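Please look over the sequence and the model below before reading on. The paragraphs after them are meant to be read with the structure open beside the text.

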Amino acid sequence: MKEFRRNILITGGAGFIGSHVIRRFINNYPQYRIINADSLTYAGNLANLEDVKDASNYIFVKADICNFELMQDIFHKYNIDSVIHLAAESHVDRSIKDPFAFAHTNIMGTLNLLEAAKRTWKNSEAVNGEYRNLFYHVSTDEVYGDLDFDGTLFTESTAYDPHSPYSASKASSDHFVRAYHDTYNLPIVISNCSNNYGSHQFPEKLIPLFINNIRHNKPLPVYGKGENVRDWLWVNDHARAIDVIFHEGKIRETYNIGGFNEWTNIDLIKVIIKTVDRLLGRAEGTSDNLITYVTDRAGHDLRYAIDSTKLKNELGWKPSLQFEEGIEITVKWYLENQKWLDNVTSGDYQRYYDNMYRDR
Ligand code: NAD
Ligand code: TYD
């Protein structure tokens with residue numbers, strides 16, 4: 001049997017970002033065995049990993065991170081030495097409707113993994129300056145709260161100030177991860193990334209939802225006045241940052257990941273409309289009338305903007321794609337993968353979606 005140099009547990013690997021991270025690690029590191037643990041919620045889809053599912057260094061385990069016994073079994077059975085933890089409930093609107101699910105998965109699920117790692121990795125001390133174990137927690141810039149329109153940016157030392165149940169649950173999980181280092185010496189690293197865009201994102205999030213709606217001439221629900229600002233990063237650039245931090249990040253450090261790429265929602269929506277109309281051969285302006293201003297999201301964060309200077313200066317990472325190019329690739333992918341969209345938007349999600357917008 002082949003000996004692998006590392007046995008890496010990646011949680012949430014069937015989701016949007018997780019599937020890009022899994023693909024990257026399977027293809028770039030044949031010397032590592034990748035164990036993907038995902039419970040396949042509405043947001044997890046094995047079709048996202050169709051191209052790598054038979055790789056000899058890949059194992060999928062359908063598993064809920066909230067099941068502590070099962071997490072312990074996975075650590076023992078696969079001799080897990082490192083974790084890249086992405087599994088989470090990730091949609092702010094859902095967190096407003098059902099905060100318990102977010103506390104359960106994002107806080108208790110993370111705590112289960114930390115405890116399983118702590119009990120399995122009895123001796124996590126560095127040997128010759130190298131750690132054999134690593135617990136890498138993937139987090140979000142939303143833990144920092146929001147910013148005014150004053151040009152300030154979130155840095156690694158910005159105080160936590162989450163506003164939504166989603167960001168509060170992620171903030172709490174970040175605190176637990178640091179506490180496990182400070183109390184038990186667990187080797188940890190955390191990154192906080194801005195909004196991602198790219199292929200395989202579940203179409204409840206702004207960009208894939210709007211591309212799909214434009215194609216089908218459905219209304220585009222813009223929350224409030226569309227003035228809120230997000231800092232958008234191509235998902236493959238996030239996966240590459242995770243790769244760099246996993247290999248070269250310093251224990252107990254935090255790294256912000258972002259593209260210095262701020263857009264108001266309404267300006268971004270106009271770019272998406274223009275791109276979809278052009279790629280579908282429609283005259284410019286055809287879909288402008290789909291824009292529909294709706295009641296604002298409760299507690300809607302005004303502006304996110306990440307300062308990723310530390311990651312650039314210390315580990316040499318920077319975004320690879322210009323936004324215009326990334327959006328073009330992304331819109332094309334959704335237009336060419338209607339079957340994927342139909343598949344993931346059937347069943348449970350469709351029922352949820354119907355309820356969600358009934359009162360708007
Ligand atoms: P996603 O919702 O697309 O995927 C989440 C995955 O986790 C799914 O495959 C789902 O099945 C799995 N999952 C959920 N609950 C689980 C459980 N209890 N046990 C096992 N698996 C479970 O999310 P995403 O957008 O890919 O985000 C991944 C991570 O990155 C999250 O931790 C999120 O907070 C963080 N993040 C996301 C963004 C973004 O823009 N999407 C930005 C920064 C950070
Ligand atoms: P989203 O993709 O849900 O990411 P997040 O809330 O984590 O930033 O939303 C991005 C922005 O788009 C956010 O300001 C909310 C807004 N938005 C809409 O205006 N309409 C929508 O239907 C959705 C899903 C989001």
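What follows goes from the cores to single residues, then to a sheet, a helix and a loop.

This is a predicted model, in which local features need pLDDT of at least 70 and side-chain atom pairs count only at pLDDT 80 or more, while totals for chains, interfaces and linings use all residues. Residues are numbered from 1 along each chain as its sequence is written, chains are lettered from A and ligands numbered from 1 in the order in which they are written, and side-chain values use heavy atoms, with hydrogens and water left out.

In soluble globular proteins, nonpolar side chains tend to be buried together. The largest nonpolar core here has 31 residues, and F25, I34, I84, Y136 and I257 are those with the most contacts inside it. A nonpolar core is a set of buried Ala, Val, Leu, Ile, Met, Phe, Trp, Tyr and Cys residues joined through side-chain atoms within 4.5 Å; buried means under 20% relative accessible area, exposed over 50%, and partly exposed in between, with a 1.4 Å probe and protein chains only. Elements that each supply at least two residues of this core include β1 (6-11), α1 (16-28), β2 (32-38) and α7 (235-248), and α7 gives the most, with six residues. Helices (H or I, at least four residues) and strands (E, at least two) are DSSP runs, numbered from the N terminus. Apart from this core lies another, of 30 residues, among them I211, W263, I269 and F323.

Not counting residues up to four places away in sequence, F25 touches I8, Y32, I34, N57, I84, D243, F246 and H247. I34, placed in strand β2, counts as buried because its relative accessibility is 0%.

The side chain of R6 makes a polar contact with the side chain of S82 (3.2 Å), and a polar atom of the R6 side chain lies 3.5 Å from the backbone oxygen of R132. A polar contact is a pair of N or O atoms within 3.5 Å; within protein, one must be able to donate a hydrogen and the other to accept it, and residues adjacent in sequence count only if both atoms are side-chain atoms.

Turning to a sheet, three strands form an open one with the order β7-β9-β11 and mixed pairing, where two strands pair if DSSP finds at least two bridges between them. β7 (195-197) and β11 (262-264) stand at the edges with a single partner strand each, so one side of each is left without a neighbour in the sheet. Strand β9 (residues 229-234) and β11 run antiparallel and are joined by three bridges; the bridge partner of V229 in β11 is T264.

Helix α5 (residues 165-184) has 20 residues that should span 28 Å at 1.5 Å a residue, in agreement with the 28 Å between its end C-alpha atoms; the expected span is 1.5 Å times one less than the number of residues. Its buried residues pack against α3 (92-97), α4 (99-120), β5, β6 and β10. Just after α5, N185 takes a positive phi of about 65°.

Finally, T295 lies in the loop between β12 (291-294) and α9 and counts as exposed because its relative accessibility is 55%.

Key:
Contact = heavy atoms within 4.5 Å.
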